[in-house]
Every structure is written in C-alpha cells, then in structure tokens.
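Hi,

Here is the structure I promised to pass on. Have a look at it first, and my notes on what turned up follow below.

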Amino acid sequence: MKIATRTATKTQVEIVAVNGGWTTIRAIGQTATLKVRNGELTGHTEVTAPIVRKYIKEVTAETVIAKARATARVKMDINERKNGKVDPLYLPQYTAYTTELADGSKKRSIDKGDDVALALRKLSLDAVYSTAASSTGIAQASLRDRFVHLNPGMQRMNLGNMIRKALKEALASGF
C-alpha cells in the first residue's frame, strides 16, 4: 500500500490510483475516495504489514475455503428438469407433464393444470390459434400477427391466457 501526506490537511492518506495529474486517495482504513492534484501530496512511501494489519483482516486459505463453502449454491441435476420434475417450492402453481404428440414423439412441458391447460395440451399450435380466435372473437390472422415475434411456447402461453380471460369474462356476464 502506498501512502502520502496531504499538504492541505497534514494527514496521511492511502494512494488508490494515479492518472495523469490527478491522484485518487482515501483516508487510511476508509472506503470513500477523493481526487486531488498530484502536487497536494508529499512524502510518498510504500508501507507493508504494520498499518495494513491494523485495518484489514488477515486472509488465510482456511477463511477463503470456509467463506466459499458457506456461500456455495447447490446445483440442480440437469436431468431433473429434462424428466419433467419440478421443485414444488420453485413453481408450486404449475404442473409438469409429458405428452405424446401425433407423430409419436414425446414433449415435456409445464402448465397451470387447469381446464384450459388440459384442453390445450394435445392441440397443435394452429388448433390453439383457432380455439383462441373463436373464444375471444379476434381474427386468427390478427392473433398470429400479434404473437409472430414469440417462440411457439410463448405463443401457446399467451393464447391460453387470452382464452382464460375470455372464459372468465363470459362467466362473469352470465353466459
């Protein structure tokens, strides 16, 4: 650590950085920094252990390892998500499932598990668009233009939410 004496206050300060005609300083043991002209500092000295130990805790391998263990995150097995398992504390309101598609392949997915989600699970994206168009009264072309920038999963999610809203409004109006 480099220290110097500031001529204006006659106090010793720590030199943080020197850039051109300016020096960034801070009071010894403090965190707030201040920029001063290089001419305001005299008595530049390189100081090692005595002053440093007074303000900084000693770092050992044991303390670093202990801190790393205390703050380490537990990594989830990558296959847990692939198998359709969902941590109930992470997504308690959703249901994970695997659906067999018309071509015989399987897809894993997550949804709300309500009546709308159950009805939309086996439908293709085109069928979801036609269902949303009929339940909301919005033209299918208009819906496609609205969600063209989204991936298929986000399109299904948004269409499902629109269907839920339309059903909720229909039930509230007494349909």
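**What I found**

Of the 175 residues in the protein chain, 20% count as buried, meaning under 20% relative accessible area, with over 50% called exposed and anything in between partly exposed (1.4 Å probe, protein chains only). Do keep in mind that this is a predicted model: local features need pLDDT of at least 70, side-chain atom pairs count only at pLDDT 80 or more, and totals for chains, interfaces and linings use all residues. Residues are numbered from 1 along each chain as its sequence is written, and side-chain values use heavy atoms, with hydrogens and water left out.

The chain has seven helices and seven strands, taken as DSSP runs numbered from the N terminus (helices are H or I, at least four residues; strands are E, at least two). Their order from the N terminus is β-β-β-β-β-α-α-α-β-β-α-α-α-α.

Now the inside. The largest nonpolar core has 11 residues, including Val116, Leu120, Val128, Phe147 and Leu159. A core here is a set of buried Ala, Val, Leu, Ile, Met, Phe, Trp, Tyr and Cys residues joined through side-chain atoms within 4.5 Å. Helix 4 (115–120), helix 5 (125–136), helix 6 (140–147) and helix 7 (152–172) each give two or more residues to this core, and helix 5 gives the most, with four. There is also a second, separate core of six residues, Ala4, Val13, Ile15 and Val36 among them.

Val128 is worth a click: leaving aside neighbours within four places in sequence, this valine is in contact (heavy atoms within 4.5 Å) with Leu120, Leu123, Arg156 and Leu159.

Over in strand 3 (residues 22–27) sits Thr24. Why does threonine 24 count as buried? Because its relative accessibility is 16%. Not counting residues up to four places away in sequence, Thr24 touches Glu14, Ile15, Val16, Ala17, Thr33, Leu34 and Lys35.

Last, the largest pocket. The lining has 18 residues, and Ile110, Asp111, Gly153, Arg156 and Met157 lie nearest the centre. A pocket is an open set of points on a 1 Å grid over the protein atoms alone where a 1.4 Å probe fits, with protein on both sides within 12 Å along at least five of seven lines; lining residues have an atom within 4 Å of a point. Helix 7 supplies the largest share of that lining, eight residues, while strand 7 (106–111) and helix 4 each supply at least two.

Cheers
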